[in-house]
Amino acid sequence: MTNRDLTLTPRAEDVRDKQNTETVVFFNLAQIKSHFEDNITTIEKQFNIADALGLDEKSEECNTIYRTQIVLLESAFDFYIHELSKYGVINIFEDNWPKTERYKNMLIPMKHVENGLDSRESNTWLLDFINQRFARDTYTDYEPLNDQLNLLGINLTDTLKEAFPKPSSPDSSYREGKTILRDLFRRRNQIAHQSDRKHSNAEHNSINKDYVVKCIDEVKVIVAAIHAKAELLSSN
């Protein structure tokens with residue numbers, strides 16, 4: 001029988017997971033808004049793709065582009081909230097924004113606290129932590145968005161009322177901001193997780209360009225309203 005080499009090899013030391021080694025960049029409010037607008041521009045350009053292909057709005061290929069736009073729209077919105085969250089927490093930490101109850105009760109593992117104590121002249125440790133902490137969550141549905149904005153000191157209820165004021169006269173087409181958020185989040189999940197098919201008969205839910213344009217415009221309004229609140233906090 002062939003002899004096997006049973007010699008123990010030296011244990012590798014100081015070997016760490018090389019993932020997430022990129023430097024986390026702290027962007028200002030103008031840059032954060034610019035990232036969102038760039039993402040929206042990319043999404044809107046997909047209308048040109050459908051037009052260039054000469055696709056009929058009723059064709060499944062065209063509808064697939066529309067569904068893709070809805071998923072990317074929610075992604076652009078979520079990324080905006082993630083970037084705004086990092087900006088807000090750092091500003092609260094630096095006493096540039098008022099400290100909120102949720103901020104005061106934020107749980108930070110001791111390893112990150114120790115990193116902070118070792119680097120008192122820099123907030124990089126906190127930026128690294130909140131970048132990891134927020135990256136795993138999604139904030140586009142009403143409840144998680146409300147909680148996240150409470151952390152930053154932004155009242156979502158008031159923000160949505162300003163973004164979508166209730167008409168003085170009855171309007172059957174009016175929808176509250178909370179409903180808009182929930183409907184879009186639900187539709188995104190139907191597309192991403194069930195191919196936008198009905199569970200009852202496996203038929204696709206209907207979709208068209210007007211619906212996608214409306215969703216994009218509504219998210220733009222929501223982000224503009226949230227951003228105005230953030231700018232107000234930054235100016236105080």
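**Close-up views of a predicted model**

**View 1. V24 sits in the segment before α1 (29-52).** Helices here are DSSP runs of H or I with at least four residues, while strands are runs of E with at least two, numbered from the N terminus. V24 has a relative accessibility of 18%, so this residue counts as buried; the word buried stands for under 20% relative accessible area, exposed for over 50%, and partly exposed for what lies in between, with a 1.4 Å probe and protein chains only. Look also for T124: V24 and T124 are 100 residues apart in sequence, yet their C-alpha atoms are 8.0 Å apart in space.

A word on reading these views: the model is predicted, so local features need pLDDT of at least 70 and side-chain atom pairs count only at pLDDT 80 or more, whereas totals for chains, interfaces and linings use all residues. Residues are numbered from 1 along each chain as its sequence is written, and side-chain values use heavy atoms, with hydrogens and water left out.

**View 2. The largest cavity holds about 40 Å³ of space.** The count is one cavity of 30 Å³ or more. A cavity is a set of points, on a 1 Å grid over the protein atoms alone, where a 1.4 Å probe fits but cannot get out, and its lining residues have an atom within 4 Å of a point. Grid points are joined across faces, edges and corners, and the volume is the space filled by probe spheres set on the points. Around the largest cavity you will find V25, F26, F27, E83, K86, Y87 and L127. Helix α2 (residues 60-93) contributes the most to this lining, with three residues. Sorted by class, the lining has five nonpolar, two charged and no polar residues; Asp, Glu, Lys and Arg count as charged, Ala, Val, Leu, Ile, Met, Phe, Trp, Tyr, Cys and Pro as nonpolar, and the others, Gly among them, as polar.

**View 3. F26, Y87 and W97 make up one aromatic cluster.** The structure has six aromatic pairs. Rings of Phe, Tyr and Trp (its six-membered ring) pair if their centres lie within 6.5 Å, and planes under 30 degrees apart are stacked, over 60 edge-to-face and the rest tilted. In the pair of Y87 and W97, the ring centres are 5.8 Å apart and the planes stand at 70°, so this pair is edge-to-face. Y87 belongs to helix α2 and W97 to the loop between α2 and α3 (101-104), 10 residues apart, so the pair links distant parts of the chain. Y87 is buried at 11% relative accessible area, and W97 is buried at 3%.

**View 4. K209 lies over the face of F47.** The distance to the ring centre is 5.1 Å. A charge sits over a ring if NZ of Lys or CZ of Arg is within 6 Å of the ring centre and within 35 degrees of the ring normal.

**View 5. D95 and its positive phi.** D95 is not a glycine, yet its phi is positive, about 65°. This residue is in the loop between α2 and α3 and, at 56% relative accessibility, counts as exposed.

**View 6. A202 and its positive phi.** Phi of A202, again a residue other than glycine, is near 65°. A202 is found in the loop between α8 (177-194) and α9 (209-235), and is partly exposed, with a relative accessible area of 41%.

Note on methods:
On a 1 Å grid over the protein atoms alone, a cavity is a set of points where a 1.4 Å probe fits but cannot get out, and a pocket is an open set with protein on both sides within 12 Å along at least five of seven lines; lining residues have an atom within 4 Å of a point.
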